[in-house]
Amino acid sequence: MRFSNLHTHTTFSDGKGTVRENIESAIKKNMLSLGFSDHSFTACDTSYCMKLEDYEKYCAEISSLKEEYKDRIPIFLGLEKDYYSDIDKSCFDYIIASVHYIVHNGVCYPIDHSRKQQEDCTREVFHGNILDMAKCYYDMVVEHVASCKPDVIGHFDVLNKFSIMPENDEKYIEITCEAMKEAFKYCPRFEVNTGGISRGWRKDPYPSFYLLELLRELGGEVVINSDSHHPENLDFFFCESAEILRRAGYKTFSVFNGKSFDKINL
Ligand SMILES: [Zn+2]
Ligand SMILES: [Zn+2]
């Protein structure tokens, strides 16, 4: 089975490989296509994102390599747009919408960088009430998707990354399900993101299995993405993710063709 990956980070943001190194790796892996989605600029934290002055270079380099490699592999120019970024979407082939921060009283709390930062946020912003934090995060996801109208919703329940969230708690499950139903109204396509597994944090991709089942019931689509930060990881856990999707009742997954998404049989 051949795969594509739309969620790829390069040295333009916090990835380890260049654009070209990632393309060469995708060709070696016999992938269908490859999309780049470096982090959009976030003024509240500039340590992981693309520099504002690099946007033009990013777009130019990917467009040039898209042309150079056009007979070998289709390349797409995308962006992982954060909740706190204000970016003109028009020059990109596609947009992944993600929430990475909660900013409160001028303090920026990254929610998927470290366990400590997530714990600090829970304590300092939500007085230790973890469900309040969950509600805040998932509300932000819905708000972001509603205003951005992306092509793909990024790592929907990445808040689970450090296993601090009460994932089996009825109320938590209700918050996540309601948010998925709301977000689905604005974008029916969620990524199955394997980035937490390649970095050793999780055993399963985002979203959790019950959310994948809910999405299928809603009539949603899935895109299998690695959130790769290294060229070797472009298709990390993809075969296993396809199997998880079959178990969740999916018959197809979606692959970008440059303009829209094609459904490929699982
Ligand atoms: Zn992300
Ligand atoms: Zn990412």
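Donors to a metal are taken here as N, O and S atoms within 2.8 Å of it. In this predicted model, the zinc ion (ligand 2) has His-7 and His-9, each through NE2, Glu-80 through OE and Asp-227 through OD as its coordinating residues, at 2.0 to 2.3 Å. The angles among these four donor atoms run from 81 to 168°, and the site is irregular. Because tetrahedral geometry would require all angles to lie between 85 and 135 degrees, the site of the zinc ion (ligand 2) does not count as tetrahedral. Along the sequence, the donor residues follow the spacing H-x1-H-x70-E-x146-D. A distance of 3.3 Å separates the zinc ion (ligand 2) from the zinc ion (ligand 1), and Glu-80 coordinates both.

The structure also contains one cavity of 30 Å³ or more, and the volume of the largest cavity is about 50 Å³. At least two lining residues come from each of strand 1 (4-5), strand 9 (221-225) and strand 10 (252-256). Strand 10 makes the greatest contribution, with four residues. The lining includes Ser-4, Asn-5, Val-223, Asn-225, Phe-253 and Phe-256. By residue class, the lining comprises six nonpolar and four polar residues, with no charged residue.

Definitions and conventions. Residues are numbered from 1 along each chain as its sequence is written. Chains are lettered from A and ligands numbered from 1 in the order in which they are written. This is a predicted model: local features need pLDDT of at least 70, side-chain atom pairs count only at pLDDT 80 or more; totals for chains, interfaces and linings use all residues. Side-chain values use heavy atoms; hydrogens and water are left out. On a 1 Å grid over the protein atoms alone, a cavity is a set of points where a 1.4 Å probe fits but cannot get out, and a pocket is an open set with protein on both sides within 12 Å along at least five of seven lines; lining residues have an atom within 4 Å of a point. Grid points are joined across faces, edges and corners, and a volume is the space filled by probe spheres set on the points. Ala, Val, Leu, Ile, Met, Phe, Trp, Tyr, Cys and Pro count as nonpolar, Asp, Glu, Lys and Arg as charged, and the others, Gly among them, as polar. Donors are N, O and S atoms within 2.8 Å of the metal (3.2 Å for Na, K and Ca); water is not among the atoms, so sites may look incomplete. Four donors count as tetrahedral if all angles lie between 85 and 135 degrees; four count as square planar and six as octahedral if opposite donors are over 155 degrees apart and all others between 65 and 115; anything else is irregular.
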